[in-house]
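Please consult the sequence and the structure shown here alongside the points below.

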Amino acid sequence: MPTDPVGRFLAALDPEHREAVAASPREEQERLAAAWERELESDTELDTLDELSPPAAEAEAARRVLESGTD
């Protein structure tokens, strides 16, 4: 299991998005990973999901970050 934020973010993505993000510049990967970590920390709905299934919470946060396209 990756321990750096980018590696953890990539692991949370579905295979299609993982491939696309992995092909992007490292700076963009780091920006998305930071947004993903903020999403995990700030969303209370994800806190509940995290208690039930941490991988599902991480995948949902990753999906939201890619959908929003914002940091």
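Buried means under 20% relative accessible area, exposed means over 50%, and partly exposed lies in between, with a 1.4 Å probe and protein chains only. Asp-4, with a relative accessible area of 32%, is therefore partly exposed. The model is predicted: local features need pLDDT of at least 70, side-chain atom pairs count only at pLDDT 80 or more, and totals for chains, interfaces and linings use all residues. Residues are numbered from 1 along each chain as its sequence is written, and side-chain values use heavy atoms, with hydrogens and water left out.

**The segment before helix 1**

- Asp-4 is placed in the segment before helix 1 (5-12); helices (H or I, at least four residues) and strands (E, at least two) are DSSP runs, numbered from the N terminus.
- The side chain of Asp-4 reaches the backbone nitrogen of Gly-7 at 3.0 Å. Such a polar contact is a pair of N or O atoms within 3.5 Å; within protein, one must be able to donate a hydrogen and the other to accept it, and residues adjacent in sequence count only if both atoms are side-chain atoms.
- Between the C-alpha atoms of Asp-4 and Glu-30 there are 10.0 Å, with 26 residues separating the two along the chain.
- Glu-30 belongs to helix 3 and, at 41% relative accessibility, counts as partly exposed.
- For Glu-30 and Pro-5, 25 residues apart along the chain, the C-alpha separation is 7.6 Å.

- Phe-9 lies in helix 1 and Trp-36 in helix 3 (residues 26-42), so the pair ties together parts that are 27 residues apart in sequence.
- Phe-9 is buried at 0% relative accessibility, and Trp-36 is buried with a relative accessible area of 0%.

**Helix packing**

- Two packed helices are described by the angle between their axes and the distance between the axes. Axes are lines fitted to C-alpha atoms, for helices over the stretch in contact, and angles run from 0 to 180 degrees between N-to-C directions.
- The axes of helix 1 and helix 5 are 8 Å apart, and the two helices pack at an angle of about 95°. Helix 1 is thus roughly perpendicular to helix 5; angles under 35 degrees count as roughly parallel, over 145 as roughly antiparallel, 65 to 115 as roughly perpendicular and the rest as oblique.
- Arg-8, Phe-9 and Ala-12 of helix 1 meet Glu-58, Ala-59, Ala-62 and Leu-66 of helix 5, where contact means heavy atoms within 4.5 Å.
- Helix 3 and helix 5 have axes that come within 9 Å and cross at roughly 125°. These two helices are therefore oblique to each other.
- On the helix 3 side, Leu-32, Ala-35, Trp-36, Glu-39 and Leu-40 meet residues of helix 5, including Ala-57, Ala-61, Arg-64 and Val-65.

- Arg-64 is located in helix 5 (residues 54-68). Its relative accessibility of 18% means that Arg-64 counts as buried.
- With neighbours within four places in sequence left aside, Arg-64 is in contact with Glu-39, Asp-43, Glu-45 and Leu-46.
- Gln-29, in helix 3, is buried with a relative accessible area of 7%. A polar atom of the Gln-29 side chain lies 2.9 Å from the backbone oxygen of Ser-24.
- Beyond neighbours within four places in sequence, the contacts of Gln-29 are Val-6, Leu-10, Val-21, Ala-22 and Ser-24.
- Val-21 sits in helix 2 (residues 15-22) and counts as buried at 7% relative accessibility.
- Leaving aside neighbours within four places in sequence, Val-21 is in contact with Phe-9, Leu-10, Leu-13, Gln-29, Leu-32 and Leu-66.
- Val-21 and Ser-53, 32 residues apart in sequence, are 24 Å apart in space, C-alpha to C-alpha.
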